[in-house]
Amino acid sequence: MKVLIVDDEEMIRGVLREYVEFEGGEAFEAADGMQAVKLCREENFDIIIMDIMMPKLDGFSAVKEIKKIKNIPVIMLSARGEEYDKLFGFEMGVDDYVTKPFSPKEVMARIRAVLKRVSQTDNDKDIITFEGLTIDMAGRNVYVDGEKADLTPKEYEILFYFVKNRGIALTREKLLMDVWGFDFYGDDRTVDTHIKMLRANLKQYRKFIITLRGLGYKFEV
């Protein structure tokens with residue numbers, strides 16, 4: 001497990017580094033977003049722990065630049081806990097969100113949960129086609145009538161989860177638990193917002209995602 005810890009507070013970086021190394025991982029540190037982008041160009045990381053409020057380049061801007069280079073899972077850290085910030089982060093492809101002050105044990109649990117979900121997706125080597133919708137499970141790519149869809153990592157996970165559970169009614173609570181993972185502090189609106197974005201990217205094949213009024217969703221072909 002190779003982790004990049006990005007925070008302008010040296011104490012926070014040090015604490016998280018100790019926990020990562022205690023669990024046998026390798027930790028790298030960056031004090032601002034610019035350093036983080038530079039390190040991501042030079043190194044391959046399994047996951048990034050990224051603060052939002054930092055000098056030179058804030059966390060959101062850094063994530064945007066990093067996603068242009070590599071598709072690395074990201075957990076955001078912030079003293080700000082507003083829902084808007086969380087939804088904005090998820091729309092950018094952030095995998096999870098932890099509000100300061102936090103427990104280092106909780107952060108480690110979230111790291112394990114995110115890496116487990118990514119690993120499960122990567123290990124599935126099926127390429128599945130539904131009419132003009134093609135889903136490459138191993139490559140994490142989706143094609144709509146032969147054109148690659150620009151999905152965020154979270155949208156990929158939701159779609160892959162739907163496909164693996166196609167024909168099954170899924171409540172919003174189950175989607176939150178299984179896709180967002182350990183102790184996520186979100187609500188139904190988080191699920192609905194992501195599915196709205198996913199449907200828009202699937203264009204005419206949005207028809208496969210059926211809304212079950214008062215319950216949740218179902219992927220059906």
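How many aromatic pairs does a search of the whole structure find? In this predicted model, the search finds seven aromatic pairs. One of them is formed by Phe-208 and Phe-219, whose ring centres are 5.8 Å apart and whose planes stand at 55°, so the pair is tilted. Phe-208 belongs to the loop between α8 (188–202) and β11 (209–212), while Phe-219 belongs to strand β12 (residues 216–219), so the pair ties together parts that are eleven residues apart in sequence. Both of these phenylalanines are buried. They also take part in one aromatic cluster, together with Phe-130, Phe-162 and Tyr-205.

The helices may be considered next. Two packed helices are described by the angle between their axes and the distance between the axes. For helix α2 (residues 33–42) and helix α3 (residues 59–69), the axes come within 9 Å and cross at roughly 10°. Angles under 35 degrees count as roughly parallel, and α2 and α3 are therefore roughly parallel to each other. On the side of α2, the contact is made by Gly-33, Ala-36, Val-37, Cys-40 and Arg-41; on the side of α3, Ala-62, Glu-65, Ile-66 and Ile-69 contribute. Sorted by class, this contact of α2 with α3 comprises six nonpolar residues, one polar residue and two charged residues.

Helix α7 (residues 172–180) shows how burial can be arranged around a helix axis. Its residues Arg-172, Leu-175, Leu-176, Val-179 and Trp-180 are buried. Viewed down the axis of α7, these buried residues fall within an arc of 100°, so they line one face of the helix. An α-helix has 3.6 residues a turn, so residues three or four places apart point the same way. After α7 comes Gly-181, which has a positive phi, near 95°.

Positive phi values also occur in residues other than glycine. Lys-56, in the loop between β3 (47–51) and α3, has a phi near 70°. With a relative accessibility of 67%, Lys-56 counts as exposed. Asp-145 has a phi near 50° and lies in the loop between β8 (141–144) and β9 (147–148). Its relative accessibility is 48%, so Asp-145 counts as partly exposed.

The peptide bond leading from Lys-100 to Pro-101 is cis, with omega near -5°.

Finally, Lys-164 is situated in helix α6 (residues 153–164). This lysine is partly exposed, with a relative accessible area of 43%. Lys-164 and Ile-47 are separated by 117 residues in sequence and by 24 Å in space, C-alpha to C-alpha.

Terms used:
Residues are numbered from 1 along each chain as its sequence is written. This is a predicted model: local features need pLDDT of at least 70, side-chain atom pairs count only at pLDDT 80 or more; totals for chains, interfaces and linings use all residues. Side-chain values use heavy atoms; hydrogens and water are left out. Buried means under 20% relative accessible area, exposed over 50%, partly exposed in between (1.4 Å probe, protein chains only). Helices (H or I, at least four residues) and strands (E, at least two) are DSSP runs, numbered from the N terminus. The arc is that of the directions from the helix axis to the C-beta atoms. Axes are lines fitted to C-alpha atoms, for helices over the stretch in contact, and angles run from 0 to 180 degrees between N-to-C directions. Angles under 35 degrees count as roughly parallel, over 145 as roughly antiparallel, 65 to 115 as roughly perpendicular and the rest as oblique. Contact means heavy atoms within 4.5 Å. Ala, Val, Leu, Ile, Met, Phe, Trp, Tyr, Cys and Pro count as nonpolar, Asp, Glu, Lys and Arg as charged, and the others, Gly among them, as polar. Rings of Phe, Tyr and Trp (its six-membered ring) pair if their centres lie within 6.5 Å; planes under 30 degrees apart count as stacked, over 60 as edge-to-face and the rest as tilted.
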